[in-house]
Amino acid sequence: MAPSGSRSIKRGCQRVLYWIPVLFIALIVAWSYYAYVLQLCIESIENTGEKVVYLLAYHVIFIMFVWAYWQTIFTRPMNPLKEFHLAHSDKELLEREDRGESQQEILRRIAKDLPIYTRTNSGAIRFCDRCQLLKPDRCHHCSVCDECILKMDHHCPWVNNCVGFSNYKFFMLFLAYSLLYCLFITATDLQYFIKFWLAGGRAHFRLKEYLNGLPDTQAKFHILFLFFSASMFSVSLASLFIYHCWLVCKNRSTLEAVRAPVFRHGTDKNGFSLGFSKNFRQVFGDEVKYWPVPLFSSSGDGCSFPTCLVNLDPEQPSSPSGSNPASKAAAEGRQFPSKPLRESQSRLLSSTPSWSESDGAADKDKKGASNPGMTIENEA
């Protein structure tokens, strides 16, 4: 009982420590709200029109920023579906076999019925001993969350959550709105920062509390520090946002940028890239009206992804449409796997036809019409 109790206390302390970065960001945001709204807009700006415009624009950006941050933190990462978990009989069979080629034969047999195309560096089936499942493409085990995460990008301490398929769009919007938030504060605070910094005998630079110098030291401190902090955060957020925009354009995760995915034909860093438009829509969805809103609208189910592979996987059933598992499932008259989303989320994905399936069907018809013997050559 003692070791188990100590482990529970340790996990509890870790959970508390993991929330410290989030608490730090929350305190910074709360102080920035006080400094901008009260100290700058209400106390320091005399022009009523300018004050109203600043406050309206600020609150719109602030609401979108907090909304996206909240969604990134509290959207639970999606895990592989039950089809990827080993059945009880398969677990027993795997435990009886010696580790090596015999176990790989069992895993390959199970993987034949699943849309799995990526492999380990040695060419083996990607299997998670901890979760006892075959890893779907782009799925990785997070050591902090202690579970496999669909399309895992990274574990972010600033949101105390894994960034993956379920919340990557929210993470991108969080970066975008936080950058816009800092740039807006920097731009609107600049003139008053200069006035406070260079003030002295310039009577035409009068503020509400400005009399013969700077008697309102509290407002001066908040406005100066607000400008410096917003400027510094803008630089770091801009670099991080640009990097993740590049990842979206290339259809890569942070983990895939560090280590390219491995397919049967070898390593291919562009294996999941389908062109800028389709790469972007995989993250933000097909409906433009949902792009700037922190609501789930990403395409797909997180378990299978269309690829641009040239060489077919010999362990998967060959099909004229290439290596798109969605078209394979459609040809068999079933949808695999079912979308593990709430009803409100599923509505966004089911309201428009999946571009990956339509593209795969179009390629199939086009190739079949242009070269009737292609199927026979591939199967041979």
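Relative accessible area, computed with a 1.4 Å probe on protein chains only, classes a residue as buried under 20%, exposed over 50% and partly exposed in between. The model is predicted, so local features need pLDDT of at least 70 and side-chain atom pairs count only at pLDDT 80 or more, while totals for chains, interfaces and linings use all residues. Residues are numbered from 1 along each chain as its sequence is written, and side-chain values use heavy atoms, with hydrogens and water left out.

**Exercise 1.** Classify the aromatic pair formed by Y33 and Y58.

*Solution.* Step 1: rings of Phe, Tyr and Trp (its six-membered ring) pair if their centres lie within 6.5 Å; planes under 30 degrees apart are stacked, over 60 edge-to-face, the rest tilted. The whole structure holds 28 such pairs. Step 2: Y33 and Y58 lie 5.9 Å centre to centre with 45 degrees between the planes, a tilted pair. Step 3: Y33 belongs to helix 2 (residues 20-42) and Y58 to helix 3 (residues 48-74), 25 residues apart; helices are DSSP runs of H or I, at least four residues, numbered from the N terminus.

**Exercise 2.** Determine whether Y33 and Y58 are buried or partly exposed.

*Solution.* Y33 is partly exposed because its relative accessibility is 31%. Y58, at 0%, is buried.

**Exercise 3.** Identify the rings whose faces R138 lies over.

*Solution.* Step 1: the criterion places NZ of Lys or CZ of Arg within 6 Å of the ring centre and within 35 degrees of the ring normal. Step 2: R138 lies over F272 at 4.5 Å from the ring centre, and over F305 at 5.0 Å.

Definitions and conventions
Helix = DSSP H or I, 4+ residues; strand = E, 2+ residues; numbered from the N terminus.
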